[in-house]
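Good morning, and thank you for making time for this presentation. I would ask you to look at the sequence and the structure together before we turn to the details.

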Protein chains: 2
Amino acid sequence: MANKTNFFIRNKNSILYGLILALLLFLMKWLELRYVVINHSFEIYAGAIAIIFTALGIWLALKLTKPKTSTIVVEKPVFIQKEDAFVLNKKEVERLGLSNRELEVLTLLAEGLSNQEIAQRLFVSLNTIKTHTSNIFEKLAVKRRMQAVELAKSLQLIPQ
Amino acid sequence: MANKTNFFIRNKNSILYGLILALLLFLMKWLELRYVVINHSFEIYAGAIAIIFTALGIWLALKLTKPKTSTIVVEKPVFIQKEDAFVLNKKEVERLGLSNRELEVLTLLAEGLSNQEIAQRLFVSLNTIKTHTSNIFEKLAVKRRMQAVELAKSLQLIPQ
DNA sequence: AGTAAAATCACCCGAAAGTATGAGCTTGAA
DNA sequence: TTCAAGCTCATACTTTCGGGTGATTTTACT
């Protein structure tokens, strides 16, 4: 880090205040030699110094406390669509009495595959898939594959 | 509000500091009468006052300034997963060359309705709906109604 | 070993979906 | 007026879907 080179820059304010302080003292010394001190009591002089330097101290403190308040950031990230990890609604699965294989078929159904394609995908016969789909429709109480998929998605049986 | 009754309580600190200030001045006056001032130069005395009251001012300022606002970064993830107002993706509609009627049929298709039901809903014949669906599948380059609905949803052609 | 649930497969039949082709009608723009 | 696009409808045909029934095999559990 370049601490040494930055020293005067970073302490610029402190140095400046020190100079002002010295200047003020010098000014008072000069005033003392003239007409002020001679004619007034010492208490007034001391009180003036106290007041002035109290004010200076307050001013210094207020100015020098630089990390006054770091900005409070209120973040409001708004996610419109959430594609987070799919969690199976096991309660509904159990309630409907759907088997694992039926859920599997349901998933492929949702992909828009035909029964024939599903059969090939699962290495079983077309008739098997037809039996599965029939059972699925029965358990879901729907008439068509489209409705089955819609219902399954809304019930969190298959990923959206 | 009970401003009057709370005055002394609220300004307790200020009053205390004022008393301390007076006490310090009195202490200095007492010291002056004794051995300090007599034997030392006035500059030293003034300097001491300046330093003490500068420190006092700083201390006052730090104490009196309201408690530093602590920096708190609050993260609030807000999930708006429900379907906000559906906006039609007109660009895609135009690109695919879909007519209004076809979009209408597509919407009903997504509800899981059969061709016959769609026909009754739109007061047209079954054959008309079959023509529409065929054209839709052609334009969307899909083979089945399920795939058409999936694609239409992902392209924002119909509400989710 | 016995049993119940799940998974597999087959056959039939009717309904629905999808393909292909042609055509009438309306409307808005060139 | 002509023309293109959109909407409508029809006929014919093929494919897929869905319902119903029955049967065998696998798996898991008692």
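Among contacts in chain A between residues at least 6 apart in sequence, what percentage join residues at least 24 apart? The value is 56%, where a contact means heavy atoms within 4.5 Å.

Let me state the conventions. This is a predicted model, in which local features need pLDDT of at least 70, side-chain atom pairs count only at pLDDT 80 or more, and totals for chains, interfaces and linings use all residues. Residues are numbered from 1 along each chain as its sequence is written, chains are lettered from A and ligands numbered from 1 in the order in which they are written, and side-chain values use heavy atoms, with hydrogens and water left out.

Chain A contains 9 helices and 2 strands, and its order along the sequence is α-α-α-α-β-β-α-α-α-α-α. Helices (H or I, at least four residues) and strands (E, at least two) are DSSP runs, numbered from the N terminus. Of the 160 residues in chain A, 29% are buried, that is, under 20% relative accessible area with a 1.4 Å probe, protein chains only.

I turn now to helix 9 of chain A, residues 145-154. Its buried residues are A:Met146, A:Ala148, A:Val149, A:Ala152 and A:Lys153. Viewed down the axis of helix 9 of chain A, these buried residues fall within an arc of 160 degrees, so they line one face of the helix; the arc is taken from the directions from the helix axis to the C-beta atoms. Their cover includes helix 6 (100-110) and helix 8 (126-140) of chain A, together with helix 6 (100-110) and helix 9 (145-154) of chain B. Just after helix 9 of chain A, A:Gln156 has a positive phi of about 65 degrees.

A backbone N or O atom of A:Ser125 is 2.7 Å from a phosphate oxygen of DNA strand C, and one of B:Asn115 lies 2.8 Å from a phosphate oxygen of DNA strand C. By contrast, the side chain of B:Lys130 places an N or O atom 2.6 Å from a base oxygen of DNA strand C. Helix 8 of chain A gives the most to the surface near DNA strand C, with 4 residues.

Notes: Buried < 20%, exposed > 50% of the residue type's maximum accessible area, 1.4 Å probe, protein only. Polar contact = N/O pair within 3.5 Å; in protein donor to acceptor, adjacent residues only side chain to side chain.
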